[in-house]
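Dear colleague,

Please find the structure below, together with its sequence. I would be grateful if you read the notes with the model open beside them.

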Amino acid sequence: MTQEAFQQIAHTIPLQPGIYKYYDKEHTLLYVGKAKSLRKRVSSYFSKSFVGYKTHELVKRIHQIEFTIVDSEQDAFLLENALIKEYKPKYNIELKDDKTYPYIVVKREAFPRIFLTRRKINDGSEYIGPFTSAGKVRELIEFVKQYIPLRSCKLNLSKENIAAGKFKVCLEYHLGNCKGPCEGLQSLEDYQNGIQQMRNILKGNLGSVIAQFKEEMQQYAMGLEFEKAELIRKKIDHLENYQSSSVVVSKHLTNIDVFSIAKDDNKAYVNYLMVQNGTIVQTHSVPIETKLEETEEEVLVWVIGELRNTFNSMAKELIVPFPIEYPDPSIIITIPKAGDKRKLLDLSLKNVAYFKEELRKKKMLRLEGKTDDEQKKVLYELQQYLQLDEVPIHIECFDNSNFQGAFPVSAMVCFKNGIPSKNDYRRFNVKTVEGINDFATMKEVVYRRYKRLKEEALPFPQLVIIDGGKGQLSSAMEAFKELNIVGVTTVVGLAKNEEEIFFPGDSESFKLPMSSDSLKLVRRIRDEVHRFGITFHRNQRSKGTFKNELEQVPGIGKATIDELLRNFKSVKNIKLQSEQALAMVVGVNRATILTKYFKGKE
């Protein structure tokens, strides 16, 4: 749909909150989104300013727009999540988490059994969970059974069967693992009390269980049944030891959900800690594939809704690393600076960083695990697809990196025989380019790299990949022309996030087959140069190599700047914040200083 075509229908789009759906010519659902104001949100897709490659591709395919008006932003949020889950539109965020989670089921029957299951069926039974680990569930069930006698048999313990004396106690009764309800030796009320204690243990609420055991112990002691009292005392000791060995953050905290995020290009990673009664009872990390240019906040808000729904969270407070607009007004959003809540956030941040790095390592190992013949096959395949004169045994890839439009650096990675050759990686601090100019930056670093290879008579790669598309490719070719080495190697451009390959002078792009190992190799090279460049850039920032505009603000010190950048990620984002949002991070006085400074610059 063109801007002109959209302008003809823009006035018909409602201003109320709701969800919008984009369809292509075949009436295939492309995208579902939510909005406080449908007209404003949809209009942003058709603005004259460039909105990003992926969004641009989406807009080109839109043929029909449909709306559903709802009463509130929260209703829009819930409806959006439900529709994404049902239809899985091509351009929506995708949660790459296809696990079937285990539950503990309390079976709907007389004297209910408890056991692990992955099938949640509508049979009237109670399902506790889900849990992230089947091993943890089994451990919990075994732990519960040590202290709370519950039956494990499948007998039909109806009143009639028990009264008729159809059953006899088994070995579990004699071992003390069951109180013998099959022979009427345990009342249903007493058994249900044990079930309730089990629920409390699973929710981390051991205090009420311990209190009840202490009461029983006193009753046995008062009745001079000291052996039974001693058995109860041992149970209390074990429960208290279990509680102290659990990840207890603070007994003063109640139920809280903690989320953190790490994002790279079209991939994001989110960690979730579920805290109940001051104890971490669940921890889970998930990968997410973003389809458009979603911000960290947009991704995090969506994933929070998904995971809270999946794990049936009823927590009324969210701990997150930066301000978010969560659509449920009853939820408290906290960005802690110190104390137990800050420790929780730091723990979540460590978990998400570890999860992201482990996935990267596993991916590298899978690819490096190929045999020499398999690696050669991939390289021969890539040679054929790109019609190269030689097998690309030596490949180099360049990428520029900047911090939200500031502080440019560049990086180059080298792959030999299809695997990283890290000794040949190179970092470039930009020397000749003023400000942000991706094209000039690419020309400079390519010129510097191959000028050195030429002067030192070192071998050139068979393939050079320029990450960034046509503009960066043209700039790289200018460097090759100035060095008089055009034709020495094949140079191609790789469109950002699209995996479209451009050859110099070609107007049309080329795409490797989606299922090919060649495409997987190109993706791997692209991801590696992104990772290497971002790591270099981050290290330069942490060393204080770069200076930014915030350092010019009187009364704003390094600690404040670090805190602002950690929460808002960039100077650009900081400028967009309200004074109230800034005050939540750095206090009222500094927020006022910043707001006045930025207004004075406008």
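The notes below concern a pair of helices, a cavity and one arginine.

This is a predicted model, in which local features need pLDDT of at least 70 and side-chain atom pairs count only at pLDDT 80 or more, while totals for chains, interfaces and linings use all residues. Residues are numbered from 1 along each chain, and side-chain values use heavy atoms, without hydrogens and water.

Helices here are DSSP runs of H or I with at least four residues, and strands are runs of E with at least two, numbered from the N terminus. The axes of α17 (residues 558-568) and α19 (residues 579-586) come within 10 Å and cross at roughly 120°; axes are lines fitted to C-alpha atoms over the stretch in contact, with angles from 0 to 180 degrees between N-to-C directions. In this contact (heavy atoms within 4.5 Å), α17 contributes T560, E563, L564, N567 and F568, and α19 contributes A581, L582, V585 and V586.

Which residues line the second largest cavity? They are L386, L463, I465, V492, L494, I501 and V522. A cavity is a set of points on a 1 Å grid over the protein atoms alone where a 1.4 Å probe fits but cannot get out, and lining residues have an atom within 4 Å of a point. Strands β17 (463-467) and β18 (490-494) each give two or more residues to this lining.

Finally, R448 is found in helix α14 (residues 438-455). R448 touches F428, N429, V430 and K431, leaving aside residues up to four places away in sequence.

Yours sincerely

Terms used:
1 Å grid on protein atoms, 1.4 Å probe; cavity = no way out; pocket = protein on both sides within 12 Å on 5 of 7 lines; lining within 4 Å.
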